[in-house]
Amino acid sequence: MPAMRIFALSYLALPILLALTAAAPHVAMADDSNIVEKKDPNAASGSLSSKQQIDNLFTALKRQRNPDQASLIADQIRMEWSDSGSATINLLMQWADKAIQEKRNAAAMDFLDQVISLKPDYAEGWNRRATLNYAIGDYRKSMEDINQVLRIEPRHFGALAGMAAILNETGNDELTLKAWERFLEIYPANRAAQDQFNTLSEKIAGSRT
């Protein structure tokens with residue numbers, strides 16, 4: 001990977017990681033003109049309780065030390081994230097997922113662009129597009145989307161794992177370690193993250209001796 005590209009990706013990651021570290025203790029194509037965001041009537045009155053539910057799940061996730069039980073909690077959090085509160089956005093996300101499964105990346109990207117345009121404060125729209133950009137090899141755009149996810153939801157462990165994966169590709173061990181460290185502050189029982197963190201810690205310690 002060219003040195004300039006490595007620098008650019010690290011430059012994108014550093015500000016958000018520093019901000020997250022500081023905040024850690026508080027722990028078929030659609031026609032744009034025909035799509036108007038419609039609120040889900042069943043979700044409108046429950047938005048406050050949904051936030052409380054997510055906060056409670058994150059508290060449980062941080063306390064849970066059993067990896068299997070923690071995984072169940074993480075799945076519940078993902079389910080909460082998946083519901084945007086808008087029937088239109090949820091449908092667009094379903095179309096995007098189907099397009100991704102069928103390897104129709106251009107169509108999936110179009111649907112996700114519409115999701116973000118209609119509901120820019122919906123973290124999962126940014127996260128899904130970050131994942132797609134990573135899959136097609138556009139790490140710069142993926143990192144930009146990840147930064148948006150983490151500004152909206154700093155506890156998004158999926159986005160942090162994606163950031164760590166990209167930073168690992170650049171060979172920036174120090175920032176990769178910071179990303180995994182932040183991940184484990186949120187989701188300490190994740191074995192894969194533990195392994196990544198320990199392996200990288202040993203590598204960095206070895207390089208300093």
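Start by displaying the charged side chains: across the whole structure, a search finds 13 salt bridges, a salt bridge being a side-chain nitrogen of Lys or Arg within 4 Å of a carboxyl oxygen of Asp or Glu. Keep in mind that this is a predicted model, in which local features need pLDDT of at least 70, side-chain atom pairs count only at pLDDT 80 or more, and totals for chains, interfaces and linings use all residues. Residues are numbered from 1 along each chain as its sequence is written, and side-chain values use heavy atoms, with hydrogens and water left out.

Select Asp-55 and Arg-155, whose side chains meet in a salt bridge at 2.9 Å, N to O. This pair links distant parts of the chain, since Asp-55 lies in helix α3 and Arg-155 in the loop between α8 and α9, 100 residues apart; helices here are DSSP runs (H or I, at least four residues), numbered from the N terminus. Arg-155 counts as buried because its relative accessibility is 15%, where buried means under 20% relative accessible area, exposed over 50%, and partly exposed in between (1.4 Å probe, protein chains only).

Glu-102, at 38% relative accessibility, counts as partly exposed, as does Lys-98 at 45% and Arg-104 at 29%. Salt bridges that share partners also join Lys-51, Asp-55, Glu-153 and Arg-155 into one network.

Now select helix α5, residues 87-101. Its 15 residues should span 21 Å at 1.5 Å a residue, and its end C-alpha atoms are 21 Å apart, which agrees; the expected span is 1.5 Å times one less than the number of residues. Colour Thr-88, Ile-89, Asn-90, Leu-92, Met-93, Ala-96 and Ala-99, the buried residues of α5, and note that they pack against α4, α6 (105-118) and α7. Just after α5, Lys-103 takes a positive phi of about 65°.

Centre the view on Phe-157: leaving aside neighbours within four places in sequence, Phe-157 is in contact (heavy atoms within 4.5 Å) with residues including Phe-58, Ala-74, Trp-81, Phe-183 and Tyr-187.

Finally, colour by pLDDT, the predictor's confidence in each residue, from 0 to 100. The protein averages 85, and 76% of the residues score at least 70; confidence is highest in α6, at 98, and lowest in helix α2 (residues 41-44), at a mean of 46. Over residues 23-37 the pLDDT is below 50, and beyond near neighbours in sequence this stretch has 26 contacts in the model. Where pLDDT is low, the predicted coordinates should not be read in detail.

Technical notes:
Helix = DSSP H or I, 4+ residues; strand = E, 2+ residues; numbered from the N terminus.
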